[in-house]
Each structure stands twice: as structure tokens, then as C-alpha cells.
Amino acid sequence: MLVFENDYSEGAHPKVLQRLIETNMEQMSGYGCDPYCEAAKEKIQKACECPHAEVQFLVGGTQTNQTVIASLLRSYEGVIAADTGHVNQHEAGAVEYTGHKVLALPQEAGKLSSETVRAYLRRFFADENQEHMVFPGMVYISHPTEYGTLYTKSELAALSAVCEEYKLPLYLDGARLGYGLMSPGTDVTLADIAKYCDVFYIGGTKVGALCGEAVVFSKGRMPKHFLTTVKQHGALLAKGRLLGVQFDALFTDCLYMEISKQAIETAELLRKVLKEKGYRMYLETPTNQIFVVLENETLKKLQKDVRLSFWESLDETHTVVRFATSWATTKESVEKLAKLL
């Protein structure tokens, strides 16, 4: 069975796993109060070119989104997101579970535009009934988006400007951040994200770690007692050193970027194969997620030998599916798929 189902099917990158083995018998304090977490934080600050950034390690993406969003919102506020955004579509109402509404806005290829956000905010604050409504309290985006698309530096700057104008924090979900940063043609760097976003997270679960995400408050706005909030949301790992060791390894000798590039290179090869075989792209994406339109009968045949992701039903006879590569995808597996196709 060939697996292109997602980018977290494998365990950890061998270098990460090796560091976990090497440090396994060391006795460390818990909850992230250990030398490896401190070392990882320093390396992340350096990579972000943001020496005063505050960094906290959480266990997974949904817990991270729920915890960060809930910690930054007042009880009467909601979070603005694209209607296709992960917090709106694929997190089982985790944000709403905390008592906060997701304020879903129209998107273009998965992206929120500054114009759309500004127009919504203008309408809201011009509404005389606003005291009876959910107030917008922050803006959520993801990079790459749910559709594998990327924001440009100018788009991030424009969104940041709108957020500054209305005094709202801009939060970037970076579950697949490495794949976005290593995509050819992108003009966005980690330092740019730290510059334009108030808070973001560097995804580990989908980029070489067994688990874990690194939340970065780049502008000194970490909520008071944030660690306590993390624990309340079940996102604090007692053996916090396990996350510190992994991120310390990922940010040593540019490993995070190196393995992200592997996913992009195999995705480019797979994209070329699919196009040469005559498969129709649902939309063009520059990252490791590739969306293809398949006839339903073709999909049934393909699923006998290939694991991929159902995305959405296009019509009665066609389905949109997603092929995803990861840091561990090999060129050999893509070549095997090409022969099968």
C-alpha cells in the first residue's frame, strides 16, 4: 500500500528519535522547566530573528489553537477565520467548546484578504446593535492554508495593518509551517511571520516530530499565567523535556528546513506525474498538499493500492481528493505511484 494520506503518518525523523534515545535516562524537571526546552526556545528565537519572543511548547495542533485563541479572547469575543479555516472545519468545534464563536468569512483559495477583514470590521462597528453581537477579538489564519496555498509578504503585512488598526491580535496556525517556508517562490520567511503576527506556532507534529508544537508570542503579548491556561486545556505535557529535545534537534543545523524541503521536492515530482497522466488539479498549490479531481470509479480502483484523503464531493460522479507528501516521502514511492497510475 502506497501512503499519501497525510503528512503525519510516520513517527519522528531519525535525528529527532536519536536525540530522544540519547537523553532518555537523564532526570529532568517537568512541564518544560528543563535545559532542553530552554535551548530549543533560544534556537527558535534566533531562527525568528526575535530575541525577545516568548515560546511555549504544547502537545498538538488542536490543543494549541484552542488554548491560544481562548487565552486571547474575552468572554464576549469570537475569532475571525476563513470559512475553510481549520478551526472552523476540522477541529470538532474545539473553539466553540470554550465558549467562543468562530466568525467565518469568505476566502479565496483558502486565504483571508485584508479587504474582507476590514470590510467585516467596518460593518460590525457601524452596527448600532453590536452590544447584542459577538465581538471580533482576533484574526486567525494558517500558512500554509487548508488548501496548501500561501500568503505573500505583502498580504501578511496588509492583514497585520488591519489588525493593528482595530487592535486585534493576528494569529497564524503553522501546523505545516516548514513546508510553507521551503516552498519555491515564497517571499515569506520565519522572521517575516514573527514581524507581522502577534502569535504563531511552529508545527512539529507534521514536520518531523513525534508530537508537539512551539507557540511563539513575538511581540511580548503572552497572556498572564499562560502556562496555567495551557494546563487547563490539557495541552501541557508533564514530561515537557520530550518536546524540548525534539525542537532542539529540529532547530539544530537547520534540520527543520532541510526535511521540509524534502516534502516539497517529492510533492513537485508527484504534481508533475499527476499532470503528465492527465489528472485534473482542483486548484494549483505550491506546497506539499495536492488536490486532484477523480472520477468516483477511478477513486475506488486507486484506493485498493493507495491511501489518500477524501476532501469533498464535487458532483455525483467526481470527488476531490488530496495527495500529501511529508518529510519522509521518498522519490521511490512517487515513482511506484507513477507506475500504478
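Before the first stop, one term: contact here means heavy atoms within 4.5 Å. The model is predicted, so to speak of local features a pLDDT of at least 70 is needed, side-chain atom pairs count only at pLDDT 80 or more, and totals for chains, interfaces and linings use all residues. Residues are numbered from 1 along each chain as its sequence is written, and side-chain values use heavy atoms, with hydrogens and water left out.

**Stop 1: two prolines**

Select Pro-184. Leaving aside neighbours within four places in sequence, Pro-184 is in contact with Ile-264, Glu-268 and Pro-286. Show the C-alpha atoms of Pro-184 and Glu-268: they are 84 residues apart along the chain, and 9.8 Å separates them. The loop that holds Pro-184 runs between helix 8 (177-181) and helix 9 (190-196). Helices (H or I, at least four residues) and strands (E, at least two) are DSSP runs, numbered from the N terminus.

Is Pro-184 buried or exposed? Pro-184 is exposed, at a relative accessible area of 52%. The cut-offs are under 20% relative accessible area for buried and over 50% for exposed, with partly exposed in between (1.4 Å probe, protein chains only).

Now select Pro-35, which is found in helix 2. Pro-35 is exposed, with a relative accessible area of 52%.

**Stop 2**

Switch to a cartoon view. An open sheet is formed by 7 strands in the order 2-8-7-6-5-3-4, with mixed pairing; two strands pair if DSSP finds at least two bridges between them. Strand 2 (54-58) and strand 4 (102-105) are at the edges with a single partner strand each, so one side of each has no neighbour in the sheet. On average, neighbouring strands of this sheet are turned by 25 degrees against each other, direction ignored.

Zoom in on strand 2. Strand 2 pairs with strand 8 (residues 213-217) in the antiparallel sense over 5 bridges, and Val-55 has Val-216 in strand 8 as its bridge partner.

Next, select strand 3 (residues 77-82). Of its 6 residues, 6 are buried, so strand 3 is largely enclosed by the rest of the structure. Strand 3 runs parallel to strand 5 (residues 135-142), joined by 4 bridges, and Glu-77 stands opposite Phe-135 in strand 5. Strand 3 also runs parallel to strand 4, again with 4 bridges; there, Ala-81 stands opposite Ala-104.

**Stop 3**

Another open sheet has 4 strands in the order 9-10-13-12, with antiparallel pairing. Its edges are strand 9 (280-281) and strand 12, each with a single partner strand, so one side of each is left without a neighbour in the sheet. Strand 9 pairs with strand 10 (residues 289-295) over 2 bridges, and the bridge partner of Arg-280 in strand 10 is Val-293. Helix 12 (residues 255-276) packs on this sheet, touching strand 9, strand 10 and strand 13 (318-324), at about 20 degrees to the direction of strand 10.

**Stop 4: the spaces**On a 1 Å grid over the protein atoms alone, a pocket is an open set of points with protein on both sides within 12 Å along at least five of seven lines, a cavity is a set where a 1.4 Å probe fits but cannot get out, and lining residues have an atom within 4 Å of a point. Grid points are joined across faces, edges and corners, and a volume is the space filled by probe spheres set on the points.

Which residues are closest to the centre of the largest pocket? The largest pocket holds about 330 Å³ of space, and of its 21 lining residues the closest to the centre are Tyr-8, His-86, Arg-176, Lys-206 and Arg-322.

Finish with the largest cavity, of about 70 Å³. Its lining includes His-86, Arg-176 and Lys-206.

Technical notes
Axes are lines fitted to C-alpha atoms, for helices over the stretch in contact, and angles run from 0 to 180 degrees between N-to-C directions.
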